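My entries follow in the order in which I looked things up.

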Amino acid sequence: MGVSTAERVPKQDRSRATRQRLLEAAVACLAEHGWAGSTVLVVAERAGVSRGAAQHHFPTREDLFTAAVEYVAEERSTAIRALFPQGAADRRAVVAALVDLYTGPLFRAALHLWVAASNEDQLRPRVTELEARVGRETHRIAVDLLGADESRPGVRETVQGLLDMARGLGLANLLTDDAGRRERVVTQWAALLEDALG
């Protein structure tokens, strides 16, 4: 008698795969449907798992969505570092990659989570802490990739200004495809960074 594929895959690996499907489905749902339209049931159905399995991994809706945004943020951090394995690189390419962080589904999902947190007391502290952690990591990546020396006056603020600008471009992109203007702004910021960072 044959052994089913499910039996051959260790339980821990199946559990990890289920968790990953749930996290990816949660981000996709949040980006597409917003907080109000993203329930645990909707995410479980999209991930192809039962609601009970979803709640086994994430007991509350808040657990699921904060974990999902954090997971994808970590994946994006890994991906952006992989684009520049030698560290500091062409500043225009780094600026473009950082701006891209704010124009995809992760940013859209995070934005929905931020808006929900502004109105939901139990969600607010979790999202605030998550955003602070993701923000620090993104800042660290930007400093490394730009070869910025934050011991010099104004450099830290310049890097933070770049990230704030990138977030603003991401917001503008939510309403219209702003690719042409975004390219010009990226080019200008790269030139400004060359002057500011040396």
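I began with His57, which touches Ser15, Thr18, Arg19 and Leu22 once residues up to four places away in sequence are left out. I note here that the model is a predicted one, so I read these contacts as computed from it. Is His57 buried or exposed? I find that His57 counts as buried because its relative accessible area is 18%, and the cut-off for that class is under 20%. For its place in the fold, I looked up the helix assignment and found His57 in α4, which covers residues 51–57.

I then turned to the UniProt record, an unreviewed entry, which lists residues 39–58 as "DNA-binding region". In the model I find that this span is 75% helix and 0% strand, with its end C-alpha atoms 12 Å apart. The record, again as an unreviewed entry, also gives "domain: HTH tetR-type" for residues 16–76. Over residues 16–76 I noted 80% helix and 0% strand, and a separation of 19 Å between the end C-alpha atoms.

I next checked the length of α7, whose 15 residues reach 22 Å from the first C-alpha to the last, close to the 21 Å expected at 1.5 Å a residue. Which residues of α7 are buried? I listed Leu106, Phe107, Ala109, Ala110, Leu111, Leu113, Ala116 and Ala117 as buried in this helix. When I looked for what covers the buried residues of α7, I found that the cover includes α2 (11–33), α5, α6 (91–101), α8 and α9 (155–175).

I find 20 residues lining the largest cavity, with Ala73, Tyr102, Leu106, Val134 and Thr138 lying nearest its centre. The elements that give two or more residues to this lining are α5 (61–83), α7 (105–119) and α8 (124–146). Of these, α8 provides the largest share, at seven residues. By class, I recorded 14 nonpolar, three polar and three charged residues in the lining of the largest cavity.

How values were computed: Residues numbered from 1 in each chain as written. Predicted model: local features only at pLDDT ≥ 70, side-chain atom pairs only at ≥ 80, totals over all residues. Heavy atoms only, no water. UniProt positions renumbered as here; feature names shortened; annotations may be inferred. Helix = DSSP H or I, 4+ residues; strand = E, 2+ residues; numbered from the N terminus. 1 Å grid on protein atoms, 1.4 Å probe; cavity = no way out; pocket = protein on both sides within 12 Å on 5 of 7 lines; lining within 4 Å. Nonpolar A, V, L, I, M, F, W, Y, C, P; charged D, E, K, R; others polar. Expected span 1.5 Å × (residues − 1). Buried < 20%, exposed > 50% of the residue type's maximum accessible area, 1.4 Å probe, protein only. Contact = heavy atoms within 4.5 Å.
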